[in-house]
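Hello,

Here is the structure I promised to pass on to you. Have a look at it first, and my notes on what I found follow below.

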Amino acid sequence: MTDTRADQPAAESAVAVAPEPVPSAPPRSQWADVWDQFRTHRGALWGMAVFALILALILVGPFVYWNDPKFVPTGRDFLELRDTRPIYVALWDGDAKVNWAHPLGTDNIGRDTLARLLSGGRVSIAVGLAAMILSVVLGTLIGVLAGYFRWLDGPLMRLTDLFLALPLLPLLLVAVLLFRDPLSGAFGPEGGTFILIVTLVGVTSWMQTARIVRGDILALKEREFVLAARSIGTKPSKMISRHLLPNVMSPIMVSATLGIATAIITESALSFLGFGFPPDFPTWGKLLFDAVDRMELYPERVLWPGLMISLTVLSVNYIGDGLRDALDPRIRGR
Amino acid sequence: MLTYTIRRLVLSVPTLLFISLVIFLLLKLAPGDPMASQPLTIPPEVRERMREALGVGQPWYIAFPKWLYQFFVVEPMYFSDAVFGTDLAQGQQRVISWQTRSPVMDIVVQRLPQTLWVVGTAYVVAILIALPIGIYSAYRQYSWFDNAGTFVTMVGFSVPPFFSGVLVIVVFSVQLGWFPSIYDTTHRVVDWETFKVQLQQMIMPVMVLALQITSQLSRFMRASMLDNLNQDYVRTARAKGLSERAVVLVHVLRNSLIPVVTVIALGVPSIFGGAIITEQVFKVNGIGQLLITAIQANDLPMVQTLTFIFAVLIVLFNLIADVLYGLLDPRIRYD
């Protein structure tokens, strides 16, 4: 027993003297580890597949699909083509008015539902992405400034608390009403509403990101590598961009993913309440809203847009869930 | 604790004042004109006098204190007159809706019971469903029950109420015809039959709202239970020979409920916000629906009052959540 104890230090020193063993495999990057952990999350993988499929559908679909979303038939065609049902309705209802040229049917003035669904998806997802980028940029900026500069911390955090205490949905509705007409005049009805909704959703959803980023920056500031960087005279701008920001990327990425989901839901809610895009400009929420009045006769017009919103948000939420686990080094090791 | 509560209460006064100023200034920009709905035959000078009587043209530093006085001094006076039979108000000017020309607070008081009834029931139902689900899925982590629960809560998160509401209407009122799709607020409960009708018309809006709240709460309950299940005191309790039931339902549950209670308190105001959409779907004429119609009709005093009430609710429940957290968890002391 004592012999083995005495031997051990000698053995250790021998190991220390010996040259380090040459690693057999190249070093793994952080992102490879993250991807490995992400792959173990089944829901996240499914979410990614579904989201990629939806993206592919709305990006490629309008080029492949033969119907124009804005085409309104006239004259005799109008009576013939309006209010057709999806082709699958013929399975249980032989008398249903179906048309193979319009797989998901047409609406009450004869516009093709599938074409509108595809082009509506482009707008909904574009709004989601743009609003997410705005909110993440704002949240990161405010979080970093509040965490890094002590004199800005108090005012900026009071501002965050104030935004958290605002009743957001009512204010969004009011703001849409106020600024819709001036912006529509300046950028056209579609462009104006797009800018308005993206700005409003972005400006009202940055608070969580800002709080998380501030907390992380405050903790990072006390670490040795920041002290080392400061001691060689790093300027604050370089300090933030080279040392602090890369270290808070993971929470920012997670809140960015979840931000897409929130933005899509908020846009659809605004459209659903009648405060969204102009009438002939389809988004998923708008399609749903237009279809509610006649849902007894044509439930499919409610079903498909709602299903698309829910699937998109569900897949994005699952991706966010997987990312959160994958980016957490404490979980990754296990 | 008491000093902390008082300090927070005092601090919430400037916050609320500032929020009301923000709302006020935002509405000041509104392009709407309350005289737009009046007949064109009214001569311009009379129109101008009517506008003056409504106080439209005044600058904000005059209009805002006047609104504050009306809202915080005159309205409580009328309230005490109505409740206690005092005579404080003496016919002072109240906040008047441009839409109906009646006092805003009277309409709000008429609409509030519907909202409270639907939202309150939904919240209670959601808590009753969410807590057991959260407890059991944490206790049997990664079991099929936990996985199914995770999926259902994810769906509950992701399906917006304006879709789930419409979906249940299509299925249960159009196809099956079990429940009415429109909430009838004039319905009075007098006997068993009318009670059944009331139950039938409440079930869909309540379940749609409850699904959303349940998914958030049960995730939180599960996470909080998981945090506590691996603590040392749990091992001690098991080592003492306590029954599994006592360990989980007494020792772990009580500690896990602390953060959950604060989340429940924090969620109350956001539920009023979410109820705006649900009320719109099921045609419940509560305060959410009132807000939508007021915005569409450019009824600025109504919008101002309702948004401010929402803001008061948020600030109040934030305060309640913080105080509760301090009261329940002796490790947290604010002073």
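Please keep in mind that this is a predicted model. I began with a pair of helices in chain A: the axes of α7(A) and helix α8 (residues 189-203) come within 8 Å and cross at roughly 140°. Their crossing is right-handed.

On the α7(A) side, this contact is made by A:Leu172, A:Ala175, A:Val176, A:Phe179, A:Arg180, A:Leu183, A:Ser184, A:Ala186 and A:Phe187. They meet A:Pro189, A:Gly191, A:Gly192, A:Thr193, A:Ile195, A:Leu196 and A:Leu200 in α8(A). Sorted by class, the residues of this contact come to 11 nonpolar, 4 polar and 1 charged.

Helix α7 of chain A also holds A:Val174, and that residue took me across to the other chain. Leaving aside residues up to four places away in sequence, A:Val174 touches B:Leu26, B:Leu27, B:Ile295 and B:Val303. Is A:Val174 buried or exposed? It is buried, because 23 other C-beta atoms lie within 10 Å, and the cut-off for a buried residue is 20 or more. For a sense of distance within the chain, A:Val174 and A:Arg82 are 92 residues apart in sequence, and their C-alpha atoms are 36 Å apart in space.

Now to the contact between the chains as a whole. Chain A puts 31 residues into it and chain B puts in 35 residues. On the side of chain A that touches chain B, the elements giving two or more residues are α6 (150-165), α7 (168-187), α12 (249-272) and α14 (299-327). That side of chain A has 25 nonpolar, 4 polar and 2 charged residues.

Finally, a few words on chain A overall. It has 15 helices and 0 strands. Its C-alpha atoms fill a box of roughly 100 × 50 × 30 Å along the principal axes. The radius of gyration of chain A is 27 Å, whereas a compact globule of 334 residues would have one near 20 Å. Of the 334 residues in chain A, 39% are buried. Among its contacts between residues at least 6 apart in sequence, 71% join residues at least 24 apart.

Best wishes

Note on methods
Residues are numbered from 1 along each chain as its sequence is written. Chains are lettered from A and ligands numbered from 1 in the order in which they are written. This is a predicted model: local features need pLDDT of at least 70, side-chain atom pairs count only at pLDDT 80 or more; totals for chains, interfaces and linings use all residues. Two residues are in contact if their C-beta atoms, placed from the backbone, lie within 7 Å. Helices (H or I, at least four residues) and strands (E, at least two) are DSSP runs, numbered from the N terminus. Ala, Val, Leu, Ile, Met, Phe, Trp, Tyr, Cys and Pro count as nonpolar, Asp, Glu, Lys and Arg as charged, and the others, Gly among them, as polar. Axes are lines fitted to C-alpha atoms, for helices over the stretch in contact, and angles run from 0 to 180 degrees between N-to-C directions. A crossing is left-handed if the near helix is turned anticlockwise from the far one by less than a right angle, and right-handed if clockwise. The radius of gyration is taken over C-alpha atoms; the globule rule is 2.2 Å times the number of residues to the power 0.38. A residue is buried if 20 or more other C-beta atoms lie within 10 Å of its own, exposed if 12 or fewer, and partly exposed in between; C-beta atoms are placed from the backbone.
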